[in-house]
Amino acid sequence: MSGKVVVVMPAYNAEKTLKRTVDDIPKGSVDSILLVDDCSKDQTVAIARQLGLRVIQHEKNLGYGGNQKTCYREALAAGADVIVMIHPDYQYDARLVPYLTGIIKDGICDVVLGNRIRTRQEALSGGMPFYKYLSNRFLTVIENLAMGQNLGEWHSGMRAYSRKVLETIPWDKNSDDFVFDCEFLVQAAAMGFRLGDIPVPARYFEEASSINFQRSVRYGLESVKTILRYHLHRLKIWPCPLFVPQ
């Protein structure tokens, strides 16, 4: 596969980290970068425009999942063949973009994630809170077993998709909150797409976005609920529109 690569950045208050994230994307590796701002209260939009990015501003805050919906809708409309989602908070190493897109272009995978948990020591030394490490590992084991996958991490904010994935999965029906990411991967696995990952360093620091403990617990419970909903759908006990291809 060859074609147009579009990077999308769902942004909220990313003024301190946006430029560093963009600067790390290797020159010539992408065709365009789209930043969707979810009503930031800082200078994220102004900085994005200074950097020459295409910018879309929400008139009201739609949430993390709602932001991604705009990202993907606009990327498809722009003719993207490969779409890379990166959080603009510098938590993920954007130098890896060509590796993510290469795996998709070569037809090896349809979805590729950046895996921050190559080893426990590396994840924790990178600043990942211990409770996040434990919950991430616990949920990933459950999700792999439930969906027949072997991903190192299900909860990464660095992802690449082929156009076909976004044209097949009914992601517009997903949550507007953080569980959007888990729903998307369950959908991708359920619909037979090939999922893979590559190692990416963990970067946790003050300016990097991160949900608090209470929201983390809620996210974990909603992730397990998504898996249960899929299996009830598969067994034809409780049909769910999330798992019906577009």
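L221 has its place in helix α9; helices (H or I, at least four residues) and strands (E, at least two) are DSSP runs, numbered from the N terminus. At 60% relative accessibility, L221 counts as exposed, where exposed means over 50% relative accessible area, buried under 20%, and partly exposed in between, with a 1.4 Å probe and protein chains only. This is a predicted model, in which local features need pLDDT of at least 70 and side-chain atom pairs count only at pLDDT 80 or more, while totals for chains, interfaces and linings use all residues. Residues are numbered from 1 along each chain as its sequence is written, and side-chain values use heavy atoms, with hydrogens and water left out.

L221 also belongs to a nonpolar surface patch with Y131, F213 and V217, and together they have about 400 Å² of accessible area. Helix α9 (residues 213-234) gives the largest share of this patch, three residues. Patch members have over 30% relative accessible area and no salt bridge, and nonpolar side chains are joined within 5 Å.

Now to the sheet. Seven strands form an open sheet in the order β3-β2-β1-β4-β6-β5-β7, with mixed pairing; two strands pair if DSSP finds at least two bridges between them. Because β3 (54-57) and β7 (195-199) stand at the edges with a single partner strand each, one side of each has no neighbour in the sheet. From one strand to the next, the twist averages 20 degrees. Strands β4 (residues 82-86) and β6 (residues 158-162) pair in the antiparallel sense over five bridges, and I86 stands opposite M158 in β6.

| Helix | Strands | Angle |
|---|---|---|
| α4 (residues 97-105) | lies across β1, β4, β5, β6 and β7 | about 145 degrees to β4 |
| α8 (residues 180-190) | touches β4, β5, β6 and β7 | about 35 degrees with β6 |

Why is α8 largely enclosed by the rest of the structure? Ten of its eleven residues are buried, among them F180, F184 and L185. Just after α8, G192 takes a positive phi of about 80 degrees.

Lastly, G107 sits in the loop between α4 and β5 and is partly exposed, with a relative accessible area of 36%. G107 and C71 are 36 residues apart in sequence and 23 Å apart in space, C-alpha to C-alpha.

Methods:
Axes are lines fitted to C-alpha atoms, for helices over the stretch in contact, and angles run from 0 to 180 degrees between N-to-C directions. Contact means heavy atoms within 4.5 Å. Patches are made of residues with over 30% relative accessible area and no salt bridge: like charges are joined within 9 Å, nonpolar side chains (Val, Leu, Ile, Met, Phe, Trp, Tyr) within 5 Å. Accessible areas come from the Shrake-Rupley method with a 1.4 Å probe; for residues, only the protein chains shown count as cover. A salt bridge is a side-chain nitrogen of Lys or Arg within 4 Å of a carboxyl oxygen of Asp or Glu.
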